[in-house]
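Please look over the sequence and the three-dimensional structure shown below. The explanation after them leads through the fold step by step.

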Amino acid sequence: MKGWIIGFLIAGSVLSGCASNEEESHTEGHGDLREETASAAELPSFLDEKPEDMQLLYTAVGQSQELLEQIPCYCGCGDSVGHRNNYDCFIHENQESGAVVWDDHATKCAACLEIAAQSIIDYQDGKSIKEIRDDIDAAYEEGYAEPTPTPAVS
């Protein structure tokens, strides 16, 4: 899995910022699409035409809730769309039934994609969530928007 994430980071470097050019959300007025699937194992149709690496990263995010809910995003989405952490850039809601409401925000944002990919790689390599959080905070400390209001990790 590490190889595809690294490849994704390289491919992701062609993306810029979080500018939205997708159609309006079905549920919100912030420009991000949301789509419900039966579970995290079923990806949303808005990924059908996206690169395979992006689809794989969304799959990995669907399996990384505990990690990514503790990692902030630095693209400005905390202020612009109310995200609380990096997980919110990919998944809007996990329902009690097991259904997942996916968010396409990350498909348009290099910072969101890079933060998730690096966090997942580091976690697979054995780093603690606190170490990963510290590394992400340090890497995005300058030149990026304010982080999402993600509570500190102890």
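The paragraphs that follow treat the overall layout, the sheet, the nonpolar core and some individual residues.

This is a predicted model, in which local features need pLDDT of at least 70 and side-chain atom pairs count only at pLDDT 80 or more, while totals for chains, interfaces and linings use all residues. Residues are numbered from 1 along each chain as its sequence is written, and side-chain values use heavy atoms, with hydrogens and water left out.

The protein chain has six helices and three strands. Helices (H or I, at least four residues) and strands (E, at least two) are DSSP runs, numbered from the N terminus. Along the sequence, these elements follow the pattern α-β-α-α-α-β-β-α-α. Of the 154 residues in the protein chain, 44% count as buried; buried means under 20% relative accessible area, exposed over 50%, and partly exposed in between, with a 1.4 Å probe and protein chains only. Contact here means heavy atoms within 4.5 Å. Among contacts in the protein chain between residues at least 6 apart in sequence, 66% join residues at least 24 apart.

The sheet may be considered next. Strands of a sheet pair through backbone hydrogen bonds, either parallel or antiparallel. In this model, three strands form an open sheet in the order β1-β3-β2, with antiparallel pairing. The edge strands are β1 and β2 (91-94), each of which pairs on one side only. Neighbouring strands of the sheet are turned by 20° against each other on average, direction ignored; the axes are lines fitted to C-alpha atoms, for helices over the stretch in contact, and angles run from 0 to 180 degrees between N-to-C directions. Two strands are taken to pair if DSSP finds at least two bridges between them. Four bridges join β1 to β3, and β2 pairs with β3 (residues 100-103) over three bridges. Val100 of β3 stands opposite Thr37 and is also the bridge partner of Asn94. The strands β2 and β3 form a hairpin with five residues between them, and Gly98 in the turn has a positive phi of about 100°. Both faces of β3 are covered: Val100 and Trp102 on one side, and Val101 and Asp103 on the other, are all buried.

Which residues have the most contacts inside the largest nonpolar core? This core has 35 residues, and those with the most contacts inside it are Tyr58, Val61, Leu68 and Phe90. A nonpolar core is a set of buried Ala, Val, Leu, Ile, Met, Phe, Trp, Tyr and Cys residues joined through side-chain atoms within 4.5 Å. The elements that give two or more residues to the core are α2 (52-62), α3, β3, α5 and α6. Its largest share, seven residues, comes from α5.

Two residues illustrate the contacts in detail. Leu68 touches several residues, among them Val61, Tyr87, Ala116 and Ile120, not counting residues up to four places away in sequence. Ala116, placed in helix α5, counts as buried because its relative accessible area is 0%. With the same exclusion of residues up to four places away in sequence, Ala116 touches Val61, Leu68, Asn86 and Phe90. Ala116 and Val61 are 55 residues apart in sequence and 7.3 Å apart in space, C-alpha to C-alpha.

Helix α6 (residues 129-139) holds the buried residues Ile129, Ile132, Arg133 and Ile136. They lie on the same side of α6 because they cover an arc of only 100° around the axis, the arc being that of the directions from the helix axis to the C-beta atoms. The buried residues of α6 pack against α3 (65-68) and α5 (110-124).

Two loop residues complete the account. Asp32 is found in the loop between α1 (2-12) and β1 (34-37), and it counts as buried because its relative accessibility is 3%. The side chain of Asp32 makes a polar contact of 3.1 Å with that of His105 and a polar contact of 2.7 Å with that of Lys108. A polar contact is a pair of N or O atoms within 3.5 Å; within protein, one must be able to donate a hydrogen and the other to accept it, and residues adjacent in sequence count only if both atoms are side-chain atoms. Thr107 is found in the loop between β3 and α5 and, at 5% relative accessibility, counts as buried. A polar atom of the Thr107 side chain lies 2.6 Å from the backbone oxygen of Asp104.
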